[in-house]
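User: I have a model open and a few things to ask about it. Can we go through them one at a time?
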Amino acid sequence: MQSHVNAELEREIGRLRRRYAAIRRESPDAQELVAGWAAEASGLRWYVVVADVVEADIDVELMPEVIVVRAVRTWPEPAFLLGILPVPGGFDTGQVVIRFSGETLEVHVRRDPDRGTT
Amino acid sequence: MKDYYEILGVRSSATPAEIKKAYRIRALRYHPDRNPKDPTAEARFKELAGAYGVLSDAGKRHEYDEARENRGAPGRGRPGATPFEADGDGMSVEDILRRFGGVFGGDFGEGTHRNRGAARAGRDSEVEMAVDFKTAAIGGKVSVSLPGAVTCGTCDGRGAAAGDARCAECRGTGRVTAQPREDGQFFTVTRPCPHCLGTGVDPARACPVCRGAGTVERKRTLKIGVPEGSEDGALLRLAGLGEAGAAGGPPGDLMVHLRVAPDPVFRREGRDIHAEVEVPMAVAALGGKTPVLTLHGRVNLVIPPGTSSGLKLKLRGRGILGGDHIARVMVTVPAKLTPRQQALMAELQAAGD
């Protein structure tokens, strides 16, 4: 059952990733941040590896269907980093808890049964 | 008196840009986030902030330069002149980030979003399109209907009924940025402006049709050009044909997934087309010509004498993108013979024996 839910989320995340590809095209030189997700009973948790970046150089933009992480790395070599985290229907980007520890940005998006799949 | 030029590692003749660059490099190196286990990093970070606070301000720098010069030349100092000290040591890390934050994360926060305005690129659209075999093979146009955001015709995409209608809350960016410092976090979080709901347009002066979004949801019909030789499952990416962007943002792309229907007559193998051709028994035996339907129209196929079923004859350049049309001969025998035909067949049989 869980793998069925995960497969459905994977598909939806893939669809939203394609839908919001324009964000990536806006910054063609950006390096894509490595991100992984886990579905939990309480919501969807994204983990983004933001290595060699100071916290003040990270911006997390919350949009209804997608969360965009932008970061600037100045060391060891300068780079603009970009992460696109799709948020499928059933989760609410208005209810997000973000933590940055070590080199990982953790974004927890709570479930919202009222928000259906678009 | 501290030597701020030495702290930042620049010459006393350094330009403001050189000073800024030197500060950024060093401050990031000693940023407390990056050095959680080094208790001296914070002190160094504050020292750098103090030096930058003085040298980045033309007035303070001039004053500091004078004091520095007088210190180095005894007797030249003004009576009562006090050693110049910056306030960096007394500032908290939070104060420093608030004051010089632009130097660290120059691209982020409110400043960036203000520069970007409310303009947003349109989303990419995806559609599955059924295409018949022949159109996919030789190319053509196919109409497809799809829903999505299009530019609002009433306000021309501006989102405002008339004049300057920027939302006062977000200054027209549609976004609000905050740092969750109360939780000890220094990254910035950007959300849609709660007042204008992310449109950047004052709701009181928003276009009554699109309510400030600049786009409306509509079903639109497009004629898509299918390139010659398209295969089933191919993906066409059409730049700028996706959903309309908001507030002057560029449109997204349209991705068309082609579903090519099989054909009852033609079969594709790479660039070649395979089909069967029926050849009357007499033509097969004696040789001649028989009409063949290809993707590019009807042609006469030359049948050599003594042709049997299964023989493959090639029509060069009649396939896809210069490929060939391969006709597989199927010799047909009349189901019913007239008395004359029966007699001739019997004669043929006898001659063959």
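User: Which residues does Leu105(A) touch, not counting those up to four places away in sequence?
Analyst: Bear in mind that this is a predicted model. Leu105(A) touches Trp46(A), Tyr47(A), Val48(A), Val50(A), Ile58(A), Val60(A), Val69(A), Ile98(A), Arg99(A) and Phe100(A), plus Phe187(B) from chain B.
User: Which strand is Leu105(A) in?
Analyst: Leu105(A) belongs to β8 of chain A, residues 104-111.
User: Buried or exposed, that Leu105(A)?
Analyst: Leu105(A) counts as buried, because its relative accessibility is 0%.
User: And what separates the C-alpha atoms of Leu105(A) and Ala35(A)?
Analyst: The separation is 9.2 Å, with the two residues 70 apart along the chain.
User: Moving on, where is Asp112(A)?
Analyst: Asp112(A) sits in the segment after β8 of chain A. Asp112(A) has 16% relative accessibility and therefore counts as buried, the cut-off being under 20%.
User: What is Asp112(A) in contact with, leaving aside neighbours within four places in sequence?
Analyst: Gly90(A), Phe91(A) and Asp92(A).
User: Now chain B. What is the strand order in the open sheet of 3 strands?
Analyst: The order is β1-β7-β6, and the pairing is mixed. At the edges are β1 (125-131) and β6 (235-238), each pairing on one side only. On average, neighbouring strands of this sheet are turned by 25° against each other, direction ignored.
User: How many bridges join β1(B) to β7 of chain B?
Analyst: 7, and the two strands run parallel; β7 covers residues 254-260. One bridge pairs Val127(B) with Val256(B) in β7(B).

Terms used
Residues numbered from 1 in each chain as written. Chains lettered and ligands numbered in written order. Predicted model: local features only at pLDDT ≥ 70, side-chain atom pairs only at ≥ 80, totals over all residues. Heavy atoms only, no water. Helix = DSSP H or I, 4+ residues; strand = E, 2+ residues; numbered from the N terminus. Buried < 20%, exposed > 50% of the residue type's maximum accessible area, 1.4 Å probe, protein only. Contact = heavy atoms within 4.5 Å. Pairing = 2+ DSSP bridges. Axes fitted to C-alpha atoms, helices over the stretch in contact; angles between N-to-C directions.
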